[in-house]
Amino acid sequence: MALTDTLKLSCHKATALIERRELRPLGPAERLGLWMHLRICDHCRAFEKQSRVIETLLLRRSVVNVDSSALEARILTRIG
Amino acid sequence: MPNAPARTAPSATDRRKEFPDWVRAHTGDLLRYTLARVKGTEVAEDIVQVTFVSAWETLDRFAGDSSPRTWLFAILKHKLADHYRKSYREAKAVSGNALENDALEGGLFGVEGHWNAGHSPGQDANVFREDEPDERLDKALRLCLEALPGNLRTAVEMKYLLDHDSDAIQEALGITATNYWQQLHRAKLRLRECIKERVAGMR
């Protein structure tokens with residue numbers, strides 16, 4: 001990333017970097033660019049936090065009140 | 001002093017006798033986990049059944065160094081990843097590569113790539129509360145995942161099923177890293193926007 005790009009990171013790009021960081025460490029210029037952007041942009045700071053909340057929700061997903069007895073019986077027949 | 005009987009690991013035969021207990025003990029949890037991650041009860045039940053059948057057939061390979069539950073969940077995650085890989089490739093074959101352009105992104109960001117008024121996250125802090133569990137958020141997330149285009153849903157699910165292993169995910173889906181990151185980015189922007197609207201509607 002060129003220095004000028006680092007200095008004028010858009011919110012679109014910043015949110016993309018926040019997402020990518022979940023999978024792979026950013027390069028030094030990207031890290032610096034994002035850090036600078038987040039210092040001045042309240043909205044992307046809020047996005048970063050909200051993105052983390054969504055990640056937590058995604059991890060702990062489950063559903064309640066499921067009757068699995070019919071499925072159990074089917075599986076037991078299958079392997080019986 | 002008499003020798004204590006040597007403690008031997010349970011044989012595969014013992015495990016076959018125990019297996020029905022595993023089915024009774026874990027089907028519910030496996031099904032709840034799966035229902036939260038795929039569309040449709042029938043699809044979810046099939047995946048859980050395939051998981052147990054596969055476990056039964058490979059029981060000889062279960063080393064016993066993890067609990068049956070952990071082992072069953074590992075197989076389940078493989079089966080879920082298979083499910084998403086298959087549906088992703090089928091969808092791609094039908095629609096060509098229809099991943100380009102996203103009308104939503106145009107609405108979220110202006111020409112300079114900055115947040116448009118009305119979509120900026122700064123005003124939604126009260127929706128995404130970290131401190132307390134919020135059932136509305138869970139419900140909104142579920143509805144919003146189901147509303148995602150199939151390829152974006154797959155992108156999100158694969159991240160968790162393949163433990164954030166970018167290379168493995170790209171290989172499974174047959175796409176480039178850039179393409180995959182783009183899909184995750186789009187999915188997250190859509191999810192945030194959708195959850196915010198859903199939660200507002202629940203008040």
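Two residues count as in contact here if their C-beta atoms, placed from the backbone, lie within 7 Å. This is a predicted model, in which local features need pLDDT of at least 70, side-chain atom pairs count only at pLDDT 80 or more, and totals for chains, interfaces and linings use all residues. Residues are numbered from 1 along each chain as its sequence is written, while chains are lettered from A and ligands numbered from 1 in the order in which they are written.

**View 1. Where α1(B) meets α2(B).**
Helices (H or I, at least four residues) and strands (E, at least two) are DSSP runs, numbered from the N terminus. From α1(B) come F19(B), V23(B), T27(B), L30(B), L31(B), T34(B) and L35(B), and they meet T41(B), A44(B), E45(B), I47(B), V48(B), T51(B), F52(B) and W56(B) of α2(B). Sorted by class, that makes 10 nonpolar, four polar and one charged residues. (Ala, Val, Leu, Ile, Met, Phe, Trp, Tyr, Cys and Pro count as nonpolar, Asp, Glu, Lys and Arg as charged, and the others, Gly among them, as polar.) The two helices pack at an angle of about 145°, with axes 10 Å apart. Here axes are lines fitted to C-alpha atoms, for helices over the stretch in contact, and angles run from 0 to 180 degrees between N-to-C directions. The crossing of α1(B) and α2(B) is right-handed: a crossing gets that name if the near helix is turned clockwise from the far one by less than a right angle, and left-handed if anticlockwise.

**View 2. K79(B) on helix α3(B).**
Look for K79(B) in α3 of chain B, which covers residues 68-95. Is K79(B) buried or partly exposed? It counts as partly exposed, because it has 19 C-beta neighbours inside 10 Å. The cut-offs go like this: a residue is buried if 20 or more other C-beta atoms lie within 10 Å of its own, exposed if 12 or fewer, and partly exposed in between, with C-beta atoms placed from the backbone. Skipping neighbours within four places in sequence, K79(B) is in contact with I47(B), V50(B) and T51(B). A117(B) is 38 residues from K79(B) in sequence, and the two are 43 Å apart in space, C-alpha to C-alpha.

**View 3. Chain A on its own.**
Chain A has five helices and zero strands, giving the pattern α-α-α-α-α along the sequence. Its radius of gyration is 22 Å, well over the 12 Å that the globule rule gives for 80 residues, so chain A is more spread out than a compact globule. (The radius is taken over C-alpha atoms, and the rule is 2.2 Å times the number of residues to the power 0.38.) Along the principal axes, the C-alpha atoms of chain A fill a box of roughly 65 × 25 × 15 Å. Of its 80 residues, 30% count as buried.

**View 4. The mostly covered helix α2(A).**
This helix spans residues 11-20 of chain A, and nine of its 10 residues are buried. Among them are C11(A), K13(A), A14(A) and L17(A). What do the buried residues of α2(A) pack against? They pack against α3 (28-40) and α4 (42-59) of chain A, together with α8 of chain B.

**View 5. Where the two chains touch.**
Chain B brings 43 residues to the contact and chain A brings 35 residues. On the chain B side, α1 (12-35), α2 (41-57), α5 (135-147) and α8 (177-202) each supply at least two residues. The largest share of that side, 10 residues, comes from α1(B). By class, the chain B side has 23 nonpolar, 10 polar and 10 charged residues.

**View 6. The largest nonpolar core.**
A nonpolar core is a set of buried Ala, Val, Leu, Ile, Met, Phe, Trp, Tyr and Cys residues joined through C-beta atoms within 7 Å. The largest one has 38 residues, and V48(B), L141(B) and M158(B) have the most contacts inside it. Elements giving two or more residues to this core include α5 (69-79) of chain A and α6 (150-161) of chain B. The largest share, six residues, is from α3(B). Leaving out residues up to four places away in sequence, L141(B) touches L57(A) and I195(B).

**View 7. Two residues in the loop between α6 and α7 of chain B.**
D163(B) has a positive phi of about 50° although it is not a glycine. H164(B), also not a glycine, has a positive phi of about 60°. D163(B) is exposed, with 10 other C-beta atoms within 10 Å, while H164(B) is partly exposed, with 13.
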